[in-house]
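Let's take a friendly look at a protein model together. Have the sequence and the 3D view ready as you read.

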Amino acid sequence: MDNQKIHMNGGDGPKSYAKNSEFQKQLVGYSKKLIDELIDQQLDVGINPHFDPCNPFRIADFGCSIGRNTYLAAQNIIEAVEQKYKSNEEDQENPQLVPEFLMFFNDLVQNDFNTLFNYIDSNKPNYFIAGVPGSFHGRVFPKAFLHFAHSSTALLYLSRIPEKVMDRKSAAWNKGRIHYSCSGAAKEVEAAYSNQFRKDVESFLDARAEELVPGGLMVIITLGLLEGVLASECAMGVTFSIIGSCLHDMANMGTVSEEKLDSFNLPYYYTSQMELETLIKAHGCFDIARFEKLPSPLRQVVHDVQTVILSIRVVTEALFEQHFGKDITEELFRRCAEKFESHPVIYDDKYRTEASYFVFLKRKTKTSKSGTYVGS
Ligand SMILES: C[S@@+](CC[C@H](N)C(=O)[O-])C[C@H]1O[C@@H](n2cnc3c(N)ncnc32)[C@H](O)[C@@H]1O
C-alpha cells in the first residue's frame with residue numbers, strides 16, 4: 001500500500017474495528033447459504049487429485065482484519081467443505097476421508113494480528129491457523145498452494161490514490177473533496193478511480209490464479225453500486241460529502257490546512273456488477289459460478305448516529321490521522337456526529353442504493369493467463 005495507512009482501528013476497545021464491524025459481519029452471515037450450496041456444487045472432491053483428503057485443505061482469507069468476523073468466515077467455509085467430503089464418504093465405491101484444515105489469515109502488515117489471534121480461544125477452532133502479512137495485490141503464497149480463497153469487504157480498497165486525482169493540472173484533480181462520490185466531483189475523478197480499480201483487480205486475480213490449485217475456489221464479497229446509480233446519490237456518497245464538509249469547516253477555522261484537504265482522498269472504489277464481471281471475464285483465469293447481490297446490511301445496522309459514526313471511524317481513522325495528524329480526529333468525528341444528527345440523510349431509503357456483491361469463482365484447470373502455470 002503506497003504510503004497509506006489503511007488498516008482498521010486495532011485492539012478490542014470501544015473504538016476498535018473488532019467491536020464495531022456489524023456491517024461487515026452481516027455480509028459474512030448472508031453469504032453462508034451461498035457458500036454451502038456452491039461448495040457442494042463446485043468442489044471437485046474425489047475427481048481432482050488436488051483435493052486428496054490425505055493432504056491438509058488450505059484456505060486463505062484475504063483482508064481478514066481483526067475480530068470475530070474472521071473466524072465466522074473461516075467456520076462457514078470449513079463446515080461446508082467438511083460436509084462435502086462427508087457426503088462423498090457415502091459413495092462406498094470411492095470413500096473419502098475428511099482432510100485437516102489449515103487456515104491462513106492475510107492482511108497488511110499494520111493489521112493488529114495480535115488482537116485477531118486473541119479471539120482464537122473463545123472460538124476453539126478445529127483447524128490450524130497462521131497469519132500471512134502482505135498486500136493481496138501481489139503473491140503471498142507459493143504456486144498452486146491454496147484450495148480456497150476468501151475475501152470479504154476488502155477488494156474495494158485501492159492500492160493507491162490515482163496520481164491524476166492529486167495533480168492540480170489534471171481534469172481529475174479532486175480539489176476540496178475527499179472521494180469521487182462527494183457531491184460536485186468531476187466525472188474524470190471517478191474515471192481515475194475506476195482505472196485504478198481495474199489495475200488492482202487484475203493484480204489481485206493474477207496473484208490468486210497462481211496461488212490456487214487448478215479447480216480451486218474463491219469467494220469475493222465487495223461493496224458496490226446498483227447499475228446506473230450515481231455514486232454521489234447513495235449513502236456512501238452522502239456520508240463522504242458530510243465528512244468532507246466537516247474538514248472544510250475545520251480548514252476555514254485554520255484547524256487543518258487547505259492544501260492538506262486538497263491532497264486527501266479516500267482509497268475506496270464501489271464497483272458495479274457489470275464492471276466487476278467484465279474485469280473477471282477479461283482476466284480469463286476464472287469461471288464465474290455465481291454473481292449475486294446480497295441483502296443490504298445498512299437496514300440491520302443503522303440504529304443511531306453514534307453507531308454510524310463509530311462504524312465509519314474504525315475504518316477511516318488511521319487514514320485521517322496519517323494525513324492530518326492525530327489531534328484532529330476527535331474534533332472531526334464530533335463535527336460529523338453533529339451534522340449527521342441535523343441531517344439524518346443516511347436513514348433515508350432513497351439513499352440506500354448501494355449494493356453488496358457476492359462472487360463465487362473457480363480457477364480454470366487448463367491454462368493460466370501468463371501461460372507459465374501447469375494445470376491438471
Ligand atoms: C473492512 S475490513 C474487512 C475485514 C474482514 N474481512 C471482515 O469481514 O470483517 C478490510 C480489510 O482489508 C484489508 N486490506 C485492504 N487492502 C489490503 C491489501 N492490499 N492487502 C491485504 N489486506 C488489505 C484492510 O487492512 C482491512 O483489514
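## A polar side chain and its neighbours

In this predicted model, a polar atom of the Asn69 side chain sits 3.2 Å from the backbone oxygen of Ser21. You can find Asn69 in helix α3, which covers residues 68–89.

Is Asn69 buried or exposed? With a relative accessible area of 11%, Asn69 is buried, because buried means under 20%. Setting aside neighbours within four places in sequence, Asn69 is in contact with Tyr17, Ser21, Gln24, Lys25 and Val28.

## Salt bridges within a helix

Side chains of opposite charge can pair when their charged atoms come close. Across the whole structure, a search finds 20 salt bridges.

One of them joins Lys32 and Asp36, whose closest N and O atoms are 3.4 Å apart. Both residues lie in helix α2 (residues 32–42), 4 residues apart, or about one turn of the helix. Lys32 is partly exposed at 25% relative accessible area, and Asp36 is partly exposed at 30%.

Now move to helix α12 (residues 329–342), where Glu331 and Arg335 are also 4 residues apart, about one turn. Their salt bridge has its closest N and O atoms 2.9 Å apart. Arg335 is buried, with a relative accessible area of 16%.

Which residue does Lys362 meet in a salt bridge? The partner is Asp44, at 3.0 Å from N to O. Lys362 belongs to strand β7 (residues 354–363) and Asp44 to the loop between α2 and β1, so the pair ties together parts 318 residues apart in sequence. Lys362 counts as buried at 15% relative accessibility, and Asp44 counts as buried at 17%.

Terms used: Residues numbered from 1 in each chain as written. Predicted model: local features only at pLDDT ≥ 70, side-chain atom pairs only at ≥ 80, totals over all residues. Heavy atoms only, no water. Helix = DSSP H or I, 4+ residues; strand = E, 2+ residues; numbered from the N terminus. Buried < 20%, exposed > 50% of the residue type's maximum accessible area, 1.4 Å probe, protein only. Polar contact = N/O pair within 3.5 Å; in protein donor to acceptor, adjacent residues only side chain to side chain. Contact = heavy atoms within 4.5 Å. Salt bridge = Lys/Arg side-chain N within 4 Å of Asp/Glu carboxyl O.
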